[in-house]
Amino acid sequence: MARFKIVGATPLVGNVKISGAKNEALKAVALSLNIKNKLKITNAPQILDVVNQGKILKSTGSIINICNNNEIIIDTTYANNFDLTDTIAGKLRASIVFAGPLLARFKSVKLPYPGGCLIGCRSIDTHLDAFRQIGAKISEHKRIFSINIDEFHDSNIILKEKSVTATENIVMFASAIAVKTKIDNCAIEPEIIHLLLNLQKAGAQIDGIGTRTLIIKGSQNLKLKTYEIITDRIEAGTFVCAMISSGGEGEVSPYPADQLESFTRLIKSTGANFDIIDNKAIIKQSRFPLKPFSLKTGPFPEFPTDLQSPMSLLALRAKGVSLFVETMFENRLSYLEILRKMGASIKIIDRQTAEINGPCKLRSANIESLDLRSGITLLLAATMSEGETFIEKAEIIDRGYEKIDEKLKLLGANIERINS
Ligand code: EPU
């Protein structure tokens, strides 16, 4: 276990380079099971979740080499195992996206219920319901579920909700079998669009990319040499929030502005000194206090739930009441209790709704990371607080942010990783 020690308050100043998207890289690793040649994934973030996803892939009998240069080389030629029961799949929510690729390859998959209940009791109903609609049989015993299918045939699926990973599971499945699948009510997050473009490049025929209805005619002979991961829009947004709220300045790049429209609009509404030039976010020191704002999360293109907690840092710098409505995950406002302990004026109205009454001066505290996104928010709040703060369970932040301590140090933060 490791912890971070942060001594604040420090304005974050300088340029930061954003890594590849966690939530695409995790799916690209699973997709490799349906690619008939050696696959090179580039711009992959060096994060714990990718390492763990790699361990699960390895358990299928595949060869995976995660290199230091953000490349991952995968060969799944000899994969022969579709039972993930004795792996860490039960601890990693993203393990669910192995279901589609394994089912397409072996007509059978066995998985423990995936982890990740801290931010909400996310069910996997949308996934299972979709697999039933393609004719699969599903059985469950002691929280291990088995999915089996006898024959692949044309099918129409309506997803129960616009779930990101359920959409990805079904499109990876449908792209790897030689029948026609129509999928309605798809999620359209940028990582999904890019996954679809790569599946198309590999040989799947896909109509409707970017819309909520996809028609896919797959192929059992998908070939793709290189899969380049797009920029992590959530990491980019997080650093924008960090730099502005710390009173700092600099550049965040690449900044995928076309994927961050709702976020950019909200940032601009606060009066923060923020501009986009080419593919860079340019931040100059903002005059505090900022203007308060209202935020409501929703599926893309609405405001991303993964950027809800970093926005609280700006609310701490705004004069007046900012309203937070989290519609996606029922426990994703829990970090506000900790910010309150650090001195923020926060009213939690119900599980979905809270108000931050700024401006607030934070004091140091001993903190435990709850989940990835609240962990990074609390760490950044610590850089804004006077004095010394310890954040326990650094690994939770390492799950999704590449070399976070090194990136923050380059911006002038006084941060130290303490291994125990
Ligand atoms: N939801 C709705 N309405 C919808 C769609 C979803 O209320 O139309 C709710 C769901 O009930 C659920 C939540 O929103 O509680 C998220 O649902 P989804 O199934 O889309 O989430 P996921 O596929 O399990 C992925 C990301 C999450 C990200 C969400 C939403 C991966 C591995 N995970 O999860 O990432 O928050 O989509 O964008 O891709 C993170 O990176 O920290 C993270 C949790």
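Me: What is the area buried between domain 1 and domain 2?

Reply: Happy to start there, with the note that this is a predicted model. The chain is divided into domain 1 (2-19 + 231-419) and domain 2 (22-228), and their C-alpha centres lie 30 Å apart. Carbon and sulfur atoms give 52% of the area buried between domain 1 and domain 2. That buried area is about 1800 Å².

Me: Which residues of domain 1 lose the most area to domain 2?

Reply: On the domain 1 side, 24 residues are in contact with 21 residues of domain 2. Three residues of domain 1 together account for 30% of what that side buries. They are Phe300, Arg399 and Glu402.

Me: How far apart are the closest N and O atoms of Arg399 and Asp49?

Reply: The count of salt bridges between domain 1 and domain 2 is two. Arg399 forms a salt bridge with Asp49, and the cut-off for such a pair is 4 Å between the side-chain nitrogen and the carboxyl oxygen. For Arg399 and Asp49, the closest N and O atoms are apart by 2.9 Å.

Me: Which helices each supply at least two residues of the side of domain 1 that touches domain 2?

Reply: Eight residue pairs are in polar contact across the interface of domain 1 and domain 2. By class, the side of domain 1 that touches domain 2 has seven nonpolar, five polar and twelve charged residues. The helices that each supply at least two residues of this side are H11 (372-384) and H12 (394-398).

Me: How many Å separate an oxygen atom of the ligand from a polar side-chain atom of Arg373?

Reply: There are 20 residues around the ligand, and Lys27, Ser163, Thr165, Asp306 and Arg373 come nearest. An N or O atom in the side chain of Lys27 is 2.7 Å from a ligand oxygen, while for a polar side-chain atom of Glu161 the distance to a ligand oxygen is 2.8 Å. For Arg373, a polar side-chain atom lies from an oxygen atom of the ligand at 2.7 Å.

Me: How many residues apart in sequence are the parts that Lys5 and Glu388 tie together?

Reply: The whole structure holds 15 salt bridges, and one of them joins the side chains of Lys5 and Glu388, with 3.7 Å from N to O. Lys5 lies in strand S1 (residues 2-8) and Glu388 in strand S22 (residues 387-392), so this pair ties together parts whose separation in sequence is 383 residues.

Conventions:
Residues are numbered from 1 along each chain as its sequence is written. This is a predicted model: local features need pLDDT of at least 70, side-chain atom pairs count only at pLDDT 80 or more; totals for chains, interfaces and linings use all residues. Side-chain values use heavy atoms; hydrogens and water are left out. Domain bounds come from an automatic or database domain assignment. Contact means heavy atoms within 4.5 Å. Buried area is the accessible area (1.4 Å probe) that two parts lose on being put together, summed over both. A polar contact is a pair of N or O atoms within 3.5 Å; within protein, one must be able to donate a hydrogen and the other to accept it, and residues adjacent in sequence count only if both atoms are side-chain atoms. Helices (H or I, at least four residues) and strands (E, at least two) are DSSP runs, numbered from the N terminus. Ala, Val, Leu, Ile, Met, Phe, Trp, Tyr, Cys and Pro count as nonpolar, Asp, Glu, Lys and Arg as charged, and the others, Gly among them, as polar. A residue is near a molecule or strand if one of its heavy atoms lies within 4 Å of it.
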